[in-house]
Amino acid sequence: MRVYVPLTLPGLAEAHKTGELGSGPFVAYAVTPALREWYLSDDIEELEYAALGRAAQASLRLLAADPGAARRRVVVAVDVPDGAATADPDRGLDPAAVGEVTVTATVPLGKAAAVHVDADDAEADVAAAAGALQAADGGDDDAQFVVDGADDHELLWYATQEIPNLVGRA
């Protein structure tokens, strides 16, 4: 199963240092039954893109909690064995948990398929979005508009061999 693990650049640097994305349990995002129902598509590429987007939103939350991290969302795509990632059926109806899975296995960074990171020109919008997140969660429509502005930036694709260059920016 392909999962998308939300991180920050310091989190990616730590994974690079330890050689692990996590030893479980940790949250990732994937094509789950709830995501299929929410996104209403049968196209697996579109569904995986939606799961990547959900992970990017989770990365933004990590940035909001870590003011010292570079203001760039990071998502690592990795394949895990079937059964290593499970969706909680009780949270399937929670809009905040769409696509969320819990990974229970140790995931070596060497198993990653790719890394997705914001471009340098996204930093101002991502910083503003991270700063507006709490107000948006409280129902502020203007803050939600700022948070949604981060989604205007596509995450760039990087090969895993490029991780040392990416973490050099952390």
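## Helices α3 and α4

In this predicted model, helices α3 and α4 are roughly perpendicular to each other, a label given to angles of 65 to 115 degrees. Helix α3 covers residues 44–65 and helix α4 covers residues 123–137; helices are DSSP runs of H or I with at least four residues, strands are E runs of at least two, and both are numbered from the N terminus. The two axes come within 9 Å and cross at roughly 90°. Axes are lines fitted to C-alpha atoms, for helices over the stretch in contact, with angles from 0 to 180 degrees between N-to-C directions.

On the α3 side, Leu60, Arg61, Leu63 and Ala64 meet Val126, Ala129, Ala130, Leu133 and Asp137 of α4 (contact: heavy atoms within 4.5 Å). These residues divide into 7 nonpolar, no polar and 2 charged. Here Ala, Val, Leu, Ile, Met, Phe, Trp, Tyr, Cys and Pro count as nonpolar, Asp, Glu, Lys and Arg as charged, and the others, Gly among them, as polar.

## Ala51

Ala51 also belongs to α3. Ala51 is buried, with a relative accessible area of 0% (buried is under 20%, exposed over 50%, partly exposed in between, with a 1.4 Å probe and protein chains only). Leaving out residues up to four places away in sequence, Ala51 touches Tyr4, Tyr29, Ala30, Val31 and Leu35.

## Nonpolar cores

A nonpolar core is a set of buried Ala, Val, Leu, Ile, Met, Phe, Trp, Tyr and Cys residues joined through side-chain atoms within 4.5 Å. The largest has 27 residues, and those touching the most other members are Val3, Val5, Leu12, Leu21, Val76, Val103 and Val115. Elements giving two or more residues to this core include β1 (2–7), β4 (74–79) and β8 (112–117). A second, separate core of 15 residues includes Leu47, Ala51, Leu52 and Ala55.

## Strand β4

Strand β4 is largely enclosed by the rest of the structure, because 5 of its 6 residues are buried. β1 and β4 run antiparallel and are joined by 6 bridges; strands pair if DSSP finds at least two bridges between them. Ala77 in β4 is the bridge partner of Tyr4. β4 and β8 also run antiparallel, with 5 bridges, and Val76 stands opposite Val115 in β8.

## Basis of the values

Residues are numbered from 1 along each chain as its sequence is written, and side-chain values use heavy atoms, without hydrogens or water. As the model is predicted, local features need pLDDT of at least 70 and side-chain atom pairs count only at pLDDT 80 or more, while totals for chains, interfaces and linings use all residues.

Terms used:
Angles under 35 degrees count as roughly parallel, over 145 as roughly antiparallel, 65 to 115 as roughly perpendicular and the rest as oblique.
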